[in-house]
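Notebook open, model loaded. I want to go through the cavities and then the sheets.

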Amino acid sequence: MKQFSFCVDGEHTLQSCMEQFQKSCPEEYSAILIFVFTSRRKASEIWEMTETLQKAYPKAVIAGSTTSGEILDGTLRLHSTILDFLVFERTKVMLQSYDLKKLQADEAGSVLLGRCQRMRGLKAVGLLGTMKVCNVKPFLAMLSKLPEDVEVFGGGSDTYDEEELGCVFTTATILKKGMLAICFTGDLHVRLTAHSGWKPLGLPMEITGMYGDNIVTELDHQPALAAYEKYLDISRNEEFVHDTIEFPLMLERNGHMLARSPGACTPDGALIFSADLQVGERVWLGYGDPNEIERQSAESQRQIAAFAPEAIAFFCCISRRIFFQNEVQSDLSFYHRVGLPNAGFYTYGEVMRTNRQVELMNITMLAVGFREGEAQENRISLDVQAREHGKKTERSLIQRLAHFVSVTTKELEEANEKLARMATQDRLTELNNRGEVEALLKSELDSPVSRMRPVSVIMLDLDKFKCINDTYGHGVGDDVLKFTADALRKNIRNGDAAGRWGGEEFLLLLPGTALEQAVSVAERIRQMLESSSVLPDGKGVTASFGVAQYQPGEEYGAFYRRLDALLYQAKHGGRNRVEWELE
């Protein structure tokens with residue numbers, strides 16, 4: 001396959017670009033796909049352009065979108081039109097359009113899924129859509145049902161004017177609310193490489209209120225806008241969208257960090273997003289970290305170079321152009337030097353399949369590599385890549401600040417994790433403390449699962465522990481407690497719980513364990529303590545054990561009294577023994 005990309009601007013007319021393509025176009029081909037990425041918004045201009053292209057190339061598939069910036073050969077072009085000709089030798093291309101004024105998104109997605117499932121050799125589905133005015137989650141959810149090896153990619157239409165809506169178009173239709181789907185079948189390989197570089201900032205917040213799939217009314221039970229007002233001093237005004245576009249909400253989903261940029265704010269403080277969110281999800285405010293952007297960009301470039309594509313298309317979030325401002329070329333520079341034609345546009349939402357799921361992204365640069373057949377000569381110079389990212393660059397003030405924010409955020413997270421552990425953990429033994437292990441015990445006994453499987457509990461008390469403290473000192477006493485805690489940890493499984501009940505008393509919660517097995521565990525721990533050399537004179541320590549199995553329907557208080565009574569029997573029956581209740 002071959003790619004030919006042109007820019008229609010003040011210097012080059014549509015006709016001159018078409019003439020250049022005609023001179024280079026192979027005589028034999030299986031399909032031609034013409035991407036049209038344009039700043040033009042008037043329907044008459046779009047009709048005229050697509051009709052001219054279709055007349056010249058009647059067998060070509062034409063798919064276009066309005067943009068908020070155009071990309072040609074890794075260079076930003078403004079207020080222009082990009083013509084991107086993809087000429088295939090062994091691939092078929094089919095275009096379908098869906099008017100979402102007439103169809104619900106899930107209905108349209110279901111129709112497309114059915115058609116895709118009937119296609120032999122489907123390799124990829126490219127999407128152009130009006131994400132700004134559509135909830136496309138149900139549409140994309142349907143495409144997640146495609147076989148794992150089918151790639152899905154694309155982008156949303158945008159305009160240079162934030163108040164104006166974009167469109168997508170073909171020779172047959174202009175859609176103000178719709179989706180175009182381009183299906184590729186045949187001997188085609190497609191590789192998606194994407195990076196963001198935006199990182200979470202500060203503490204997580206929980207989405208506690210929503211309207212629909214994309215309007216967040218509350219974060220931590222406060223108006224959603226309050227988070228931007230409190231942490232970023234951004235209020236609801238005419239500059240709100242511009243001010244927040246660099247600070248999206250970040251969330252983790254399907255193992256990936258996703259960004260969601262607010263597209264509007266309601267008078268009551270609700271935030272309207274271009275992509276879906278869910279009540280209960282944890283989100284963070286996000287920020288662009290130049291160091292992380294550079295790192296992720298270098299990794300994406302290594303991946304695209306290893307793929308050895310024959311053509312490259314871009315779908316790049318408008319937020320990145322706003323973030324980089326005068327330095328936007330640095331985000332594209334590798335593709336400027338790559339030695340291959342490439343083209344794309346700045347989007348309002350990027351579509352990408354990750355871990356089988358088709359997701360709508362934000363703040364992402366998505367590069368799509370195309371290749372027919374197996375990789376031949378790698379036309380991407382790795383030397384270019386090394387020059388671009390192998391040199392040490394000077395860190396600007398914003399990079400230093402981003403590093404400071406990253407480190408302090410990590411320290412804050414670690415401090416909060418430590419506080420959380422302190423609230424549930426015994427400081428000396430690092431086992432669960434009394435409050436935590438009692439809560440775990442009550443939760444297990446109250447669970448319906450406890451009625452379907454056995455639950456046993458072991459309570460133990462170190463014998464004559466006061467004498468150990470009086471004879472050897474409290475330091476040795478502490479060592480004995482820590483040794484006992486280690487012995488408990490070595491004898492429990494994942495799903496069991498161990499805790500310090502108080503003083504020299506400990507408790508083991510063993511879900512799914514019958515009484516006989518629990519007695520064996522207690523006896524094994526008893527022998528381990530007795531045979532140890534934990535005391536300064538080389539002697540071990542002993543403990544008394546009570547073991548009980550929970551009886552379904554038994555009240556917590558009654559169960560605890562039964563367990564405590566068994567421990568009492570062990571203590572007053574000679575110590576260093578295990579007592580259990582015979583059925």
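Predicted model: local features only at pLDDT ≥ 70, side-chain atom pairs only at ≥ 80, totals over all residues.

I began with the second largest cavity and asked which helices supply at least two residues each of its lining. They are α7 (290-307) and α9 (333-336). The largest share, three residues, comes from α9. My helices are DSSP runs of H or I with at least four residues, my strands are E runs of at least two, and both are numbered from the N terminus. A cavity here is a set of points on a 1 Å grid over the protein atoms alone where a 1.4 Å probe fits but cannot get out, and lining residues have an atom within 4 Å of a point.

Residues are numbered from 1 along each chain as its sequence is written, and side-chain values use heavy atoms, with hydrogens and water left out.

Back to the second largest cavity: I get a volume of about 40 Å³, taken as the space filled by probe spheres set on grid points that are joined across faces, edges and corners. Of the 11 residues that line this cavity, S297, Q301, S330, D331 and F334 are the closest to its centre. I sorted the lining into four nonpolar, six polar and one charged. For that sorting, Ala, Val, Leu, Ile, Met, Phe, Trp, Tyr, Cys and Pro are nonpolar, Asp, Glu, Lys and Arg are charged, and the others, Gly among them, are polar.

How many cavities of 30 Å³ or more are there? I count three. The largest cavity holds about 60 Å³ of space. Its lining includes C134, N135, F273, D276 and L360, and the whole lining divides into six nonpolar, three polar and two charged residues.

Next, the sheet that α7 sits on. α7 lies across β13, β22 (311-317) and β26, at about 170 degrees to β13. Axes are lines fitted to C-alpha atoms, for helices over the stretch in contact, and angles run from 0 to 180 degrees between N-to-C directions; contact means heavy atoms within 4.5 Å. The open sheet has six strands in the order β5-β4-β23-β22-β26-β13, with mixed pairing. I call two strands paired if DSSP finds at least two bridges between them. β5 (75-77) and β13 (188-195) are at the edges with a single partner strand each, so one side of each has no neighbour in the sheet. The twist averages 20 degrees from one strand to the next. β13 pairs antiparallel with β26 (365-372) over eight bridges, and I found R191 opposite G369 there.

Then the other open sheet: six strands, ordered β7-β12-β8-β9-β24-β25, again mixed. Here β7 (91-99) and β25 (357-361) are the edge strands, each with a single partner, so one side of each is left without a neighbour in the sheet. β7 and β12 (178-186) run antiparallel, joined by nine bridges, with S97 opposite L180. Helix α3 (105-117) packs on this sheet, touching β7, β8 (122-129) and β12, and its direction makes about 160 degrees with that of β7.

Last stop, β21 (282-288). Six of its seven residues are buried, meaning under 20% relative accessible area with a 1.4 Å probe, protein chains only. β14 (198-211) joins β21 antiparallel through six bridges, with W198 opposite G288. β17 (249-253) is also antiparallel to β21, over three bridges, and L249 stands opposite L285.

Methods
1 Å grid on protein atoms, 1.4 Å probe; cavity = no way out; pocket = protein on both sides within 12 Å on 5 of 7 lines; lining within 4 Å. Buried < 20%, exposed > 50% of the residue type's maximum accessible area, 1.4 Å probe, protein only.
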